[in-house]
Each structure stands twice: as C-alpha cells, then as structure tokens.
Amino acid sequence: MTGDHYFTAEPTTAAQPREVEFSVAGRDFTLTSAGGVFSADRLDPGTAVLLRKAELPAPGAAGPLLDLGCGFGPITCVLATCAPDATVWAVDVNERARALTAANAARVGVADRVRVAAPDDVPADLTFAELWSNPPIRSGKAELHELLRRWLPRLAPDGVAWLVVARHLGGDSLHRWLVEQGWQVERHASQKGYRVLRVTR
Ligand SMILES: C[S@@+](CC[C@H](N)C(=O)[O-])C[C@H]1O[C@@H](n2cnc3c(N)ncnc32)[C@H](O)[C@@H]1O
C-alpha cells in the first residue's frame with residue numbers, strides 16, 4: 001500500500017501495465033494503462049458517458065484541442081482519431097499518465113499531432129477550440145475551481161468545453177458555480193448519474 005493518489009505527480013505504485021479496450025463512435029481502441037493512474041483497469045464510466053454523449057469533433061476540426069487531465073489518454077486518443085487535422089494537447093500533473101498517453105498516441109498512430117505536457121509546459125499564448133475533461137474531483141472543490149479558473153479562459157472566443165462530472169460528486173453544484181463565474185452552461189446530457197456539461201463564453 002502506498003500513499004499515491006491518481007493525481008500524484010510521480011507515482012511509486014508498481015506500474016503493472018495492462019490493456020484497456022473500449023469502442024467510441026464505432027471505432028475500437030486498445031490502450032495501455034498502469035497502476036498509479038486514474039481508472040487503470042477500464043475506461044472510466046464517466047469518461048465513457050462523455051465520449052458517448054458530447055459532440056465529438058468533426059473530421060475537419062482544426063483545433064487545437066485540449067484534454068485536461070489526460071490520465072492514460074483515452075480522450076486524447078479519441079479526439080485525435082476523430083479530428084485528423086487537429087493537434088491535441090494532453091495535459092496532466094502525473095508523469096506516468098503523460099508517459100502512457102504518449103505511448104498510446106503512438107499506438108493508435110496519432111503521435112505526430114499529440115502534444116503531451118505538464119500544465120506549466122503548455123505555451124502561454126495558446127488558445128483552444130475545444131477543451132475536454134473528466135476533471136479531478138476527489139482532490140477537492142477548491143482545486144477543481146482553481147483548475148477551471150486557470151484553463152477555461154484559454155478557450156478561443158467561440159470555443160467549447162465539454163466536462164463530465166458525477167452528480168453525486170457535485171455535478172450540479174459545479175454547473176451553478178460555472179454560471180456564477182459568467183460561463184454559459186448547458187446540461188447537454190445526463191446518463192448513469194453523470195452530467196455532461198457544455199460550457200461556452
Ligand atoms: C478523473 S481523471 C481523468 C483521466 C482521463 N482523462 C480519463 O478519462 O481516464 C483526472 C486527471 O486529472 C489529473 N490532474 C489532477 N490535477 C491536475 C491539474 N492540476 N492539472 C492537470 N491535470 C490534473 C489527474 O492526474 C488525473 O489523471
């Protein structure tokens with residue numbers, strides 16, 4: 001037993017690589033996951049709802065797209081596959097998550113358009129056409145709010161953010177907080193206890 005959380009910067013948990021298989025929009029994905037990252041054994045059910053219910057980027061989407069808190073990279077790999085002209089930035093504090101995302105991007109043949117980065121390594125002047133996130137909730141509401149205060153303003157003027165949050169972990173209070181912060185928020189979908197929020201300026 002270690003003190004690692006999935007958002008630990010440098011996990012000490014044994015890596016024990018494993019395969020995670022899932023399908024999105026008729027495409028099958030087999031990715032590598034490992035101990036010490038979020039939902040290491042399966043596609044997280046919230047992420048699955050997000051990828052099923054949100055509007056995936058159109059094939060012609062120019063990007064850049066942001067996967068905020070990429071974990072082992074399922075959202076990044078789906079976005080980069082759906083939008084073959086777009087660059088996808090995959091950002092995470094957890095270095096093992098970043099390494100897995102880079103390896104998975106190579107595995108699905110999109111590594112040339114995926115930029116894996118620690119938060120502070122994303123160029124400050126870059127804005128995003130789309131921000132996708134199954135955000136870290138368990139690190140606490142204050143940290144979640146700080147994260148969104150940092151990254152949502154980096155949406156392009158007509159950009160859109162897609163967030164998934166479990167209702168029992170505060171999906172509805174997050175919705176209210178985002179509105180209080182001045183964002184346009186639509187509950188785009190609700191499934192299996194998860195809210196999919198569409199956020200725009
Ligand atoms: C709920 S998990 C989602 C992981 C992945 N997108 C998925 O769907 O499986 C949230 C991720 O956010 C990362 N994270 C936590 N704090 C962060 C921060 N301040 N900036 C970027 N990523 C962060 C965690 O390490 C974790 O990988």
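The model is predicted, so local features are limited to pLDDT of at least 70 and side-chain atom pairs to pLDDT 80 or more, while totals for chains, interfaces and linings use all residues. Residues are numbered from 1 along each chain as its sequence is written, and side-chain values use heavy atoms, without hydrogens and water.

Select residues 45–53, helix α1, and residues 74–82, helix α2. Helices here are DSSP runs of H or I with at least four residues, and strands are runs of E with at least two, numbered from the N terminus. The axes of α1 and α2 lie 11 Å apart, at an angle of about 15°. The two helices are therefore roughly parallel (an angle under 35 degrees). The crossing of α1 over α2 is right-handed.

Next, show the side chains of Thr47, Leu50 and Leu51 in α1, which meet Pro74, Ile75 and Val78 in α2 (contact means heavy atoms within 4.5 Å). Five of these contact residues are nonpolar, one is polar and none is charged.

Move to α5, residues 171–180. Gly171, Leu174, His175, Trp177 and Leu178 are buried there (under 20% relative accessible area, with exposed meaning over 50%, for a 1.4 Å probe and protein chains only). Looking down the axis of α5, the buried residues fall within an arc of 165°, so they line one face. On the face turned away from the buried side, select Arg176 and Glu180, which are exposed.

Finish at Gly182, which follows α5 and has a positive phi, near 100°.

How values were computed: Axes are lines fitted to C-alpha atoms, for helices over the stretch in contact, and angles run from 0 to 180 degrees between N-to-C directions. Angles under 35 degrees count as roughly parallel, over 145 as roughly antiparallel, 65 to 115 as roughly perpendicular and the rest as oblique. A crossing is left-handed if the near helix is turned anticlockwise from the far one by less than a right angle, and right-handed if clockwise. Ala, Val, Leu, Ile, Met, Phe, Trp, Tyr, Cys and Pro count as nonpolar, Asp, Glu, Lys and Arg as charged, and the others, Gly among them, as polar. The arc is that of the directions from the helix axis to the C-beta atoms.
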